[in-house]
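Please read them with the model open beside you.

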Amino acid sequence: MPENNLLEMRQIEIQFPGVKALDKVDFTLRAGEIHSLLGENGAGKSTLIKCLTGVNRMDAGTITFMGNSIRPQSPQEAMGMGISTVYQEVNLCPNLTVAENIFVGRQPMKHGQINWKAITKRAQELMARFHQDIDVSRPLSYYSTAVQQMVAIARAVDVQAKILILDEPTSSLDDNEVQLLFDVMRDLKAEGMGIIFITHFLDQVFAISDRLTILRNGHLVGSYDIGDITKVELVTQMVGKDMDTIFNLKRASVAEDAPYMLNASHIGSPGQIEDISVAVKKGELIGFAGLLGSGRTETAEMLFGAHRATSGELEVDGKKAEIKKPYDALVKGIAFCPEDRKRDGIISDLSIRENIALAVQARKGFLHPLSSKEQNEMADKYIKALGIATPDAEKKIGELSGGNQQKVILARWMATDPKVLILDEPTRGIDIGAKAEIQRLMLEMCGEGVSVVFISSELDEIIRCSNRIIIMRDREKVAELNGDEATQEKILSIIAEGAKAAGGEAS
Amino acid sequence: MKKKLDFSAIARSKVTWAVVAEALILLVCLFVRPEFFSISYQPSTGMLYGNLIDIINRSSEITIIAMGMTLVIALGGTDLSVGALVAVSGAIALKFLRWDVTIYNTPGDYTVYSFALVLIVPLVVCILMGMFNGFLISKGEMQPIIATLILMVCGRGIAQIITNGKQFTTQYSPFRVIGQGSILYLPTPIIITAVVVAAVAIFVRKTAFGTFVESVGINRKASRLSGINAQRIIFIVFTLTGFLSGISGLIYSSRIMSNDSNNAGLNFEMDAILAVVIGGTSMTGGKFSLVGTVLGSIIIRTIVNLVYYFGIAAEATMAFKAIIIAVVIVLQSEPVRNYFAKRSSARREAVKGGAKA
């Protein structure tokens, strides 16, 4: 083991019910380096981190930290060893002062009482070290998110940390604030700390890290020094294209003169998407590509009325439509399968039957209930048509696997006979067979004249299915390609070029 | 093959354990004093008498309120204002019966305003108060416990203002029928309760309202994204609970033929919540059982009657009630139910194994 290896994780394996979250993953962190951990959602980044911080138990593998084999059982234990984590959402108490936040739980005592003088003094010193000349006796909520982030880091560092894990620390910071954070990270690095940096912003990866490690679907793709890899290579590695051979699907054929079913021009709402135009023809499938946080989901939610668009105009089936809430969209024939099906899709304690009938029932209103016969027929029809694996329709949806849950949500919307179907990451986190079936269903629906808006992080899916592809970056539409002319390289270079441009602006 | 009863599923149901608890309590009564169960017919009033009748009769006020409370809790909330609304309802009814004691200074068999107003105005006011709760919680997105605390605190004050702080009494006989009369040999409150329970049950189970309530209670965001108007569901549920509190208030004030702004409906919110919880509806919201709630309300009243009947000192009543309720809640707790469910399925496995061998 080389002298400067602070942390070595070897052959880590973690098994979750039904899925191998991590499969023989290696990870090495040196003292005095900033190491980026990259991968798409569900790739296993946070599982790996949680394994290191004692949140998840590993099923196999070893962790060597400063020459000793460790196996932390709780975040407290990990922190005691010198492994500190700052999470994406600042988990401090906004109503306490900055000083209290830094020292809560380990206040310096004097004669059995809290030594407030020492707390204030030490907090002031600590924040000065981070170039923050602020009044530490003010409540945390008084300061900006960036300062709050610094306080969180100060708190994490002050417990004699050897390793600092930053999980998406920059997602709510602006460019100047990011630079401030980077300065602090460089200072800490110079002091010999090892920093694990998780982010979706690729330009930031190249701006600050020394090395990077890529995960995909729970597997290690590789570790690289920052000079040895280009952005395009990196994106390719992250996204992967190992599924190409499995599918053999044909794009929907759309008549030239097909009418537009959904036509959104310059819709937006402040702080979300400022201005985007999307038009979908009858029977057409439009793919949305772009990295996470590029504004794909926000666009979909705006089209469906989950977030209200405050500017721009929307036409459904050639008629001007005002969509203020999901119910309006439902009535107009727009359907939406949300990205996070556990949080926003399933009603876990209700049966498959009730979950499938929900949207149709919502459109009819509760005073016009579907008879139990209608409900059963509807449920049985879709259980059969979509191949939902369940003994009967009365099983709770919460007890199904991810792929089957997704099919139930899809059934809920197919039952409403939609004109436009918006699918946000419908294939994420489900096994490859279910993925193929969902893609087949999408294309079948296009054949029946439904317009589909398909959001996915997997480019091969997008390219395989889409008639047209919209590429999003930084909450803007940067390009629109025809399905035939799109290749992975082309899309990746558009995404990467965008990233390069952003990097140029930042530095 | 005929479908066999699944004992482990039955053991897992909270309603089962509510039935078991009620049966146990009654069994103790049967053992100690068999005459607890005697029912007699009183020709002079045309009514059946007996402890069992009395238990159901006296549980009416809580059962009626608890129908609304079940839906409130299924949504993941609580309504603390129901007790105060009972006082408001009674105060308004008595106000219309007597209007002003200085003019109508002796209580008698008369009403100052028409009997229709005596019945309708309290209910309308309670509906409005329910709507106030519903508005704060749905549109205002306040937490139910805070929003309903407002009327819990000021409702009794409003009741005082309505009657100028006076306590009216009346002897108007049509009003007496509501709480003390009889229909078909049974006390009127039992009939009213039966009608209310049936109406609520039909409303929530024969329409899709119940499913929507459960859906919103389990996952409000997903329900909204499925097109359900969650705000409207919440608004209706709190309005309904206000209305039911009004009915309960009329029964209560008819029993005492008076209004009592300080004590009418006192702690009803707690008893109603308890009835719902004993009935197997989780405080975290979601699936609910109206039958369970009726049972829960009857269990609470059984305990009270038992305490009175056995002449347990009044000071000990509360403690005694608490002990029995604690036992019931423990019986229904997850570990205990799972234990029995496991035992019964293990036994079935053993029987199967034995049959094979």
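1. Start with the open sheet of chain A that has six strands, in the order 6-9-10-3-11-12 and with mixed pairing. Strand 6 and strand 12 (219–225) of chain A are its edge strands, each pairing on one side only. On average, neighbouring strands of this sheet are turned by 20 degrees against each other, with direction ignored. In general, the strands of a sheet pair through backbone hydrogen bonds, either parallel or antiparallel.

2. One pairing in this sheet can be followed residue by residue. Strand 11 (residues 211–216) of chain A pairs with strand 12 of chain A in the antiparallel sense, over six bridges. Within this pairing, Leu212(A) has Tyr224(A) in strand 12 of chain A as its bridge partner.

3. Next, the helices against the sheet. Helix 6 of chain A packs on the sheet and touches strand 3, strand 9 and strand 10 of chain A. The direction of helix 6 of chain A makes about 150 degrees with that of strand 10 of chain A. Helix 1 (residues 45–52) of chain A lies across strand 3 (34–38), strand 6, strand 9, strand 10 (194–198) and strand 11 of chain A. Helix 1 of chain A runs at about 150 degrees to strand 9 of chain A.

4. How far apart should the ends of helix 5 (residues 145–158) of chain A be? At 1.5 Å a residue, its 14 residues should span 20 Å, and the end C-alpha atoms are 20 Å apart, which agrees. After helix 5 of chain A comes Gln160(A), whose phi is positive, near 50 degrees.

5. Which residues of helix 5 of chain A are buried? They are Gln149(A), Met150(A), Val151(A), Ala152(A), Ile153(A), Ala154(A), Arg155(A), Ala156(A) and Val157(A). The cover over the buried residues of helix 5 of chain A includes strand 6 (83–86), helix 3 (98–103), helix 4 (116–129), strand 9 (163–167) and helix 6 (175–190) of chain A.

6. Chain A has a second sheet to look at. Four strands form this open sheet in the order 14-13-16-17, with antiparallel pairing. Strand 14 (276–281) and strand 17 (319–320) of chain A stand at the edges with a single partner strand each, so one side of each has no neighbour in the sheet. Strand 13 (residues 260–268) of chain A pairs with strand 14 of chain A in the antiparallel sense, over five bridges. Opposite Leu262(A) stands Val280(A) in strand 14 of chain A.

7. Now chain A as a whole. Its secondary structure comes to 17 helices and 22 strands. The radius of gyration of chain A is 25 Å, close to the 23 Å that the globule rule gives for 507 residues, so chain A is as compact as a globular protein of that length. Taken along the principal axes, its C-alpha atoms fill a box of roughly 75 × 50 × 45 Å. Buried residues make up 46% of the 507 residues in chain A. Of the contacts in chain A with a separation of 6 or more, 70% are between residues 24 or more positions apart.

8. The contact between the chains takes 24 residues from chain A and 21 residues from chain B. On the side of chain A that touches chain B, the elements that give two or more residues are helix 10 (326–332), helix 11 (341–345) and helix 12 (352–364) of chain A. Helix 12 of chain A gives the most to that side, with six residues.

9. In chain B, strand 1 (residues 39–42) and strand 2 (residues 47–50) run antiparallel and are joined by four bridges. Ser40(B) has Tyr49(B) in strand 2 of chain B as its bridge partner. These two strands form a hairpin with four residues between them, and Gly46(B) in the turn has a positive phi of about 70 degrees.

10. Gln11(A), which is not a glycine, has a positive phi of about 50 degrees. Gln11(A) is in strand 1 (residues 5–16) of chain A, and is partly exposed, with 14 other C-beta atoms within 10 Å. Tyr185(B), also a residue other than glycine, has a positive phi near 70 degrees. Tyr185(B) lies in the loop between strand 3 (182–183) and strand 4 (186–187) of chain B. Is Tyr185(B) buried or exposed? Tyr185(B) is exposed, with 12 other C-beta atoms within 10 Å.

11. Finally, remember that this is a predicted model. The mean pLDDT of chain A is 84, and 92% of its residues reach 70 or more. Over residues 242–246 of chain A, pLDDT stays under 50, and the model has five contacts there beyond four places in sequence. Over residues 499–507 of chain A, pLDDT also stays under 50, with 13 such contacts. Where pLDDT is low, the predicted coordinates should not be read in detail.

Conventions:
Residues numbered from 1 in each chain as written. Chains lettered and ligands numbered in written order. Predicted model: local features only at pLDDT ≥ 70, side-chain atom pairs only at ≥ 80, totals over all residues. Expected span 1.5 Å × (residues − 1). Buried ≥ 20, exposed ≤ 12 C-beta atoms within 10 Å, placed from the backbone. Contact = placed C-beta atoms within 7 Å. Pairing = 2+ DSSP bridges. Axes fitted to C-alpha atoms, helices over the stretch in contact; angles between N-to-C directions. Rg over C-alpha atoms; globule rule 2.2 N^0.38 Å. pLDDT = per-residue confidence, 0-100.
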